[in-house]
Every structure is written in C-alpha cells, then in structure tokens.
Amino acid sequence: MGKNRRPTTRRHHWLARGFWWLLGVLVGLPALAILALRWIPPTTSAFMLGWHLEHSLHRPAVRAKLYYRWVPWEQISPFAPLAVIAAEDQKFPDHWGFDFTAIGAALDHNQRGGRLRGASTISQQVAKNLFLWSGRSFIRKGLEAYLTLLIETLWPKQRILEVYLNVVEFGDGVYGVGAAAEQFFATTPARLSPTEAARLAAVLPNPKVLSAAHPSAYVWQRVRWISGQMNQLGGTAYLKKL
C-alpha cells in the first residue's frame, strides 16, 4: 500500500509546487511591471494596442494615425490635472483607488433603471487603460481592482495623474495631453488655458463621440460645469494636496 501511495504523493507535491509557482508569476509580474512604470514612461497601452487592432481588422481601408507623445509632469499645464480631477474624481487625493460612495450611488442609479453609470476613479482608469480592455465582465473588474491596488501602493498620486494624462484617449486615436494639445489647439500642453483644459476633460466620458476641437452644446455645458468645479476646488493650489 505504501509503495502505491508514494508516486501519488509525489505527483500531488509537484502539482502544488506548480500551482504556487504559477500564482507567484501571475501576482508578481504585474507588480514588477507597475513598479518599473513608476519611473519609466509607458511607450504604449492596452487601449492603444486595441485601437491598432480594431483598425487593422475592422477598418483596414481607413488610413488613420494614432497620436501619442509622452509629456512629463513639469511640462503639463496645472489646469489639465485640475480639470480631470474636477470632472472625473474629486476625491482623488484622499482615496486608495476606490470611491465607495460613488460606487454605491452608481449601483443605486443603475438598479432604478437609469442609464448605466460608472464610478471608476482615475486610478482605476489608469489600470484599465494601461493593461486591460473595455467591458463590464467580473473577470475584468477583478483584474482592474487588483491592478488599481498595486498602482495606489507603488506610485505616488502625482505619478498616477501624470500617467493618466498621458495615456487617456481625448479623441479617436489621440492619446494623452501632449497629442491632444497639439491636434486640437495647436499649442503645447504647458500652455493649455483653463478653458482648453476643461474642454479636454469634458470629452472623457466618450472621446470617440464628443469633440474637444468642435464642442457641441452638451460639451460646452460640461465645460462650464467643470470650470466651476475647478474654481470651487480652489484652483491649481488644490494640486498641492497630491
């Protein structure tokens, strides 16, 4: 009996070792990548790769160009980070990646049959844009939560906001504040005015439909609201909380 059980025990031992090794790789590799990106500018993102894939598979006849240029924090107008905080995540300096009040409000709104509303923080959007794909599956949300915790743990708030401003899509194929400033306003990101920054932030819910270059009445309405929120937050002095 003992001789028969020994190979089985050995097999279970190797299976257990393989499982823990695989788990360590799956957990450790994202942490190492995120730690490296604390200092290294990302050359691309999952969403940018998805844009290329969509054009090559579904719109091969359309000659479209993706615009992306990394811009360090020091070369970005302070109105740009203030505008995206005012528009997207006013609790950004204080939370650890999740705004549970906003999540509860969104769940209640959605359960009452309203138009689906998200409650993603800037940190969650960085995780999604850099590493994941669009969608509402539980698997993607679970991965997003894990990556968000890593980002909040390994990066300072200013770095999170710096990466967000550089990888978020501001128009079809226009990624980051550097490309957006040049394409939409013929200026540099350092010279963005408060209104231009608010126009960029105003299109973030749907940058493929909403235009910062040619704002609709709805976008102008959002611009006015965002500008008011920027003032209520205390202007660019608010960024000292980061």
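Q: At roughly what angle do the axes of H3 and H7 cross?
A: Roughly 90 degrees, and the axes come within 11 Å. That makes H3 roughly perpendicular to H7 (65 to 115 degrees counts as that). Axes here are lines fitted to C-alpha atoms over the stretch in contact, with angles running from 0 to 180 degrees between N-to-C directions. Helices are DSSP runs of H or I with at least four residues, and strands are E runs of at least two, numbered from the N terminus.

Q: Is this a predicted model, or what is it?
A: It's a predicted model, where local features need pLDDT of at least 70, side-chain atom pairs count only at pLDDT 80 or more, and totals for chains, interfaces and linings use all residues. Residues are numbered from 1 along each chain as its sequence is written, and side-chain values use heavy atoms, with hydrogens and water left out.

Q: Which residues of H3 meet H7?
A: Ala80, Pro81, Val84, Ile85 and Glu88 meet Leu161, Tyr164 and Leu165 of H7 (contact means heavy atoms within 4.5 Å).

Q: Why is H3 largely enclosed?
A: Because eight of its ten residues are buried, meaning under 20% relative accessible area with a 1.4 Å probe, protein chains only.

Q: New topic: is Glu169 buried or exposed?
A: Glu169 is buried, at 8% relative accessible area, and sits in strand E2.

Q: What does the side chain of Glu169 make a polar contact with?
A: The side chain of Lys208, at 2.9 Å. A polar contact is a pair of N or O atoms within 3.5 Å; within protein, one must be able to donate a hydrogen and the other to accept it, and residues adjacent in sequence count only if both atoms are side-chain atoms.

Conventions
Buried means under 20% relative accessible area, exposed over 50%, partly exposed in between (1.4 Å probe, protein chains only). Angles under 35 degrees count as roughly parallel, over 145 as roughly antiparallel, 65 to 115 as roughly perpendicular and the rest as oblique.
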